[in-house]
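Please look over the sequence and the structure shown here before reading on.

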Amino acid sequence: MILDSFKLTGKVAVVTGCNTGLGQAIAIALAEAGCHVVGINRSAPDGTIDKMKEGGYRFLDLRADLLNQTQIPNLIKQAIDEFGRIDILVNNAGIIRREDAIDFAEQDWDDVMDVNAKTAFFMSQAVAKQLIKQGEGGKIINIASMLSFQGGIRVPSYTASKSALMGLTRAMANEWAIHNINVNSIAPGYMETNNTAALREDAERNQAILARIPAQRWGKPVDVAGPCVFLASEAASYMHGYTIAVDGGWLAR
Ligand code: NAD
């Protein structure tokens, strides 16, 4: 039955930054699809823990600052100590800094590149090593952006990091497809989360953005959940290195 290939029963999924926003919706959707979830967060993911308890899902709550990569080996070890294996990684944690390119500070460049691109790469590398050791393949899903495709305004390090992430998605897919590891990305459009609060509070920007979205609404975190479950499932096993836009039609215009 085709629907069976979408099920994730008994799989172990690691999701970074799942205390809020898109990561929370993704973590809950993966659990609903059958996964045990390992959440990696800077601060306590209270809302996510409550929802996992309500659903009766297994959730391992790990704490780390993903601004640097030093804790990655220990995070992977803790996940394996708890669940015995890893099948899926979602690199969701991300930050944005806004400033005119002419005034953009080096720290705002480094921080954004570190979290959004460097940590995502080294998390993927660490998980890929484990997947290769297990010998049964696996799925790596990166949360990219419209700014993987476009230039954006006043967010140069974000654009650089998300463009890098789309390139890395292809690069990692090329090397790890042989191990039955599928590396793909989701590029969300304009979604209602903390990340875009400043844009939505600016009435003029808000109107300009809405006017350009064919679906005529901001995306909700749950809008990325279905595509993420799909990419995490056997149904997506011949997809390698692709970035799917989930954007209400933004890129189609
Ligand atoms: P958000 O700010 O609600 O969530 C970001 C998550 O990343 C949070 O869980 C945060 O704690 C975590 N994070 C940030 N820095 C971290 C660090 N140093 N260590 C550990 N965790 C850290 O925003 P969101 O919109 O849910 O963002 C999720 C992802 O989606 C990000 O990668 C973002 O770039 C991407 N994205 C969002 C939109 C949008 O419109 N909201 C659009 C495209 C892409």
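The buried residues of α2 pack against α1, β2 (36–41) and β3 (59–63), where buried means under 20% relative accessible area, exposed over 50% and partly exposed in between, with a 1.4 Å probe and protein chains only. Helices (H or I, at least four residues) and strands (E, at least two) are DSSP runs, numbered from the N terminus. This is a predicted model, in which local features need pLDDT of at least 70 and side-chain atom pairs count only at pLDDT 80 or more, while totals for chains, interfaces and linings use all residues. Residues are numbered from 1 along each chain as its sequence is written, and side-chain values use heavy atoms, with hydrogens and water left out.

The buried residues of α2 are Thr48, Ile49 and Met52. Because they cover an arc of only 100° around the axis, they lie on the same side of α2; the arc is that of the directions from the helix axis to the C-beta atoms. An α-helix has 3.6 residues a turn, so residues three or four places apart point the same way. On the face of α2 turned away from its buried side are the exposed residues Lys53 and Glu54, and α2 is followed by Gly56, which has a positive phi, near 75°.

## The nonpolar cores

A nonpolar core is a set of buried Ala, Val, Leu, Ile, Met, Phe, Trp, Tyr and Cys residues joined through side-chain atoms within 4.5 Å. The largest one has 32 residues, and those with the most contacts inside it are Leu30, Val37, Val90 and Ile141. Two or more residues each come from β1 (12–16), α1 (21–32), α2 (46–55), β4 (88–91), β5 (138–143), α8 and β7, and the largest share, 7 residues, is that of α1.

A second, separate core has 26 residues, including Val14, Leu62, Ala64 and Ala128.

## Buried and exposed residues

Thr243 lies in strand β7 and is buried, with a relative accessible area of 8%. Leaving out residues up to four places away in sequence, Thr243 is in contact (heavy atoms within 4.5 Å) with Ala144, Phe149, Met166, Thr169, Ser185 and Ala187.

Tyr238, by contrast, is exposed, with a relative accessible area of 80%, and is placed in the loop between α8 (225–232) and β7 (243–246). Although Tyr238 and Ala177 are 61 residues apart in sequence, they are 9.2 Å apart in space, C-alpha to C-alpha.
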